[in-house]
Amino acid sequence: MARAVDVPAPSLRQRPWVRLAAPLLLVVLLAVLPLVLPESTNETLARIGVFAVAVLGLNVVMGYTGQVSLGQIFFLGLGAYITGYGVQQDWNIVLVFLLACLGAAAAGLLVALAAARLGGLAIAMVTIALPIVGVPLAKRLSDYTGGSQGLSARFADAPEATGLYDDQWQLYVVLVIGGIVFLLTRSLVRGKFGRAFAIVKGNEAVAASMGISPYRYKVLAFTIASLIGGVSGFLYMFVIQYTSPETMSFGHSIELLAAMVIGGAGSIVGSLLGGAWYVLVPELTNQVDSSLTALLQGVVLLAVLFVLPGGLASLVRRLGRGRRRLRAEPGPGASPTTPLSTAGSATATEETGTEKRGHA
Amino acid sequence: MGTFVQLVVDGLSAGSVYAAIALAIVLVHSATGLINFAQGGMAVLSVYIAWWLTTRGVPLIVALLVSIVFSIAFGALVERYLMRRFERGDPDTAVVVTIGLLTLITGVAGWLWTYNNQQFPSLFSLDTVSFLGVSVSQRSLGTTAVIIVVMAALQGLFLGTKLGLALRAVANNPESAAFSGLPVGRLLMVGWGLAAALGAVAGALVAPQLTLTPGMLDNALVYALAAVILGGLTSPVGVVVAAWLIGVLENLAAVYVPFIGYDLKVAVPFILIFVVLLVRPQGLFGRKTVVRV
């Protein structure tokens, strides 16, 4: 990061004790919060967690590897159905969890093996079929899925020994499983595979010339995305305890993609923001007029693409940087309120550029 | 035998609608190198305009013509003020823009005209005609005929007129076209307008059957994309043949393959795609493209 060098004193984030204490503080905060928050807030937070994981999965294939996928919701639905069926059959819950992950990953692998053979936008064109085929398929396999009635499964009651209320227990489970998925994904995209994904996203021909097979890494990214989708499906069943074919409808698939872009493509924080967007915005618009939800989603999605290509996550990052710069050199040149329209996109591209260089 | 012929004719009619939308997608792709996921949504918007006019007492044929003119203008405006910024950039971002446009159009239609199904009057009667002892519906024949005529007219435009030549030049090489004095930006707007009009015709023909909702053409878009994959993005003829193939096969599969039935027939093109991808990754008629670094 070239800019960090300009700052005379080491910024707050770079001091060693902050680097150690901040995650610790976060963990303590997350451990305490469910105990003190009201029930409805806990439930909303748990749902945000579920969809943040789903958006994270989409981010792996789309934000980091650059392959537009319109089918992520299908893997959430598949994971939810596998979980619901397993719980109804009284299978061991760990086994159910593994089956939900692996089932979704296997389906994703199968789709990716065919779709990634076509270059360019074919993955988008093929994955759009997943929710559209998924809904009638779920209705048809009514012996397993309960048809249009859907499938409900209650297995999220808090164990007696913990002394927790159900909503607190649910939020803890979502925090632990979701937290692990987020940490693992963070290491994945920052490591060797993440660099390979970035090159495949940047230029497939260059990737191939460096011995990185775009085909294989696209399939890998898509499979990991489906696996994470399966995890989010398990959590979905855990929190919402009910799924129906409507869960994986085409509209929800598009909303999930919008949430990812609005939250911030190729960003871990952006996935969290995307999950929050996915859950909170329909709740807010429903209070005004439920038919406005799609309209608002479309307007905001287009607005983000025009003025804020990095999504809300880049806004957070830019605000932080602006304040730091202001403190370092309070001159006229370092105004943090740069107009978003022209300078904004320039910084965004520059930013991704430096990030890539930092990784390589 | 009678059922079989009826199924094939109905399949060709459905396939013609997919073909029109698929052709619109190919038209936009050849001009600007991106896939317009809002092609179906734009068509739905123009069908809504026609429907709204008919409820105000305007004759159907006039309403349709007005809606087609509206589509041309709307397509051109979308190209100029929405897509142009993203055209030479990352194609994945441009695709997300079209998805945003689809969401926006669906939202506007749902907000203005609710998400309830609306009845759209048909251009053709529902009666059947007997032909060599087999009865086929007039609507299927009419839909297929109209779309074939529209395609022939487009082909004539592209091959026989100066405007068509200019459009082909821009699609082929925008930079050289600009150097030879063609107004590239305006021609791209014309291309998008033509594509939108093609979608509008398809939407108006299929609306009586599907009943009008903001998501009416979502399934048709999926079929059209399947036809584009099967036919190859570079081959308009291949796309039309693939769309007809899909229309006929899914209709036959719905009746003759018990597991598929009417509800799962949307899976048919994708089973077909999986098979084709394993054998011919460039599509049935497409060419392999080579990218220079």
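Helices (H or I, at least four residues) and strands (E, at least two) are DSSP runs, numbered from the N terminus. The legends below describe a predicted model, in which local features need pLDDT of at least 70 and side-chain atom pairs count only at pLDDT 80 or more, while totals for chains, interfaces and linings use all residues. Residues are numbered from 1 along each chain as its sequence is written, chains are lettered from A and ligands numbered from 1 in the order in which they are written, and side-chain values use heavy atoms, with hydrogens and water left out.

**Figure 1. The two chains and their secondary structure.** Chain A contains 17 helices and two strands, whereas chain B has eleven helices and two strands. In chain B the order from the N terminus is α-α-α-α-β-β-α-α-α-α-α-α-α. Buried residues (under 20% relative accessible area; exposed is over 50% and partly exposed in between, with a 1.4 Å probe and protein chains only) account for 50% of the 360 residues in chain A and for 56% of the 293 residues in chain B. Contact denotes heavy atoms within 4.5 Å. Of the contacts in chain A between residues at least 6 apart in sequence, 76% join residues at least 24 apart.

**Figure 2. The interface between chain A and chain B.** Chain B contributes 44 residues to the contact and chain A contributes 39 residues. The buried area, that is, the accessible area (1.4 Å probe) that two parts lose on being put together, summed over both, is about 3,800 Å², and carbon and sulfur atoms give 80% of it. One salt bridge, defined as a side-chain nitrogen of Lys or Arg within 4 Å of a carboxyl oxygen of Asp or Glu, is counted between the chains. This salt bridge pairs the side chains of Arg140(A) and Asp263(B) at 2.6 Å, N to O. On the side of chain B that touches chain A, two or more residues come from each of helices H3 (60–87), H4 (91–113), H9 (218–231) and H11 (268–279). H4(B) supplies the largest share, 16 residues. By class, this side of chain B has 33 nonpolar, seven polar and four charged residues; here Ala, Val, Leu, Ile, Met, Phe, Trp, Tyr, Cys and Pro count as nonpolar, Asp, Glu, Lys and Arg as charged, and the others, Gly among them, as polar.

**Figure 3. The largest nonpolar core around Val261(A).** A nonpolar core is a set of buried Ala, Val, Leu, Ile, Met, Phe, Trp, Tyr and Cys residues joined through side-chain atoms within 4.5 Å. The largest such core has 195 residues, of which Met62(A), Leu257(A), Val261(A), Phe37(B) and Phe120(B) touch the most other members. Leaving aside neighbours within four places in sequence, the contacts of Val261(A) include Met62(A), Leu301(A) and Val96(B).

**Figure 4. Gly230(A) in helix H12 of chain A.** Gly230(A) lies in helix H12 and is buried, because its relative accessible area is 0%. The C-alpha atoms of Gly230(A) and Cys101(A) are separated by 4.5 Å, although the two residues are 129 residues apart along the chain. Not counting residues up to four places away in sequence, Gly230(A) touches Phe75(A), Gly79(A), Ala100(A) and Ala104(A).

**Figure 5. Salt bridges within the chains.** Over all chains, the whole structure holds six salt bridges. The side chains of Arg154(A) and Asp166(A) meet at 3.7 Å, N to O. Arg154(A) is in the loop between strand S1 (151–152) and helix H9 (166–190) of chain A, and Asp166(A) is in helix H9, twelve residues apart. Arg154(A) is exposed, at 54% relative accessible area, whereas Asp166(A) is partly exposed, at 32%. Lys218(A) and Glu204(A) form a salt bridge at 3.1 Å, N to O. Lys218(A) is buried, with a relative accessible area of 3%, and Glu204(A) is partly exposed, with 29%. In chain B, the side chains of Glu79(B) and Arg84(B) meet at 2.7 Å, N to O; Glu79(B) is buried at 0% relative accessibility.

**Figure 6. Two residues with positive phi.** Gln241(A), which is not a glycine, has a positive phi of about 65°. Gln241(A) is placed in the loop between helix H12 (214–240) and strand S2 (242–243) of chain A and is buried, with a relative accessible area of 13%. Thr114(B), likewise not a glycine, has a positive phi of about 60° and is partly exposed, at 36% relative accessibility.
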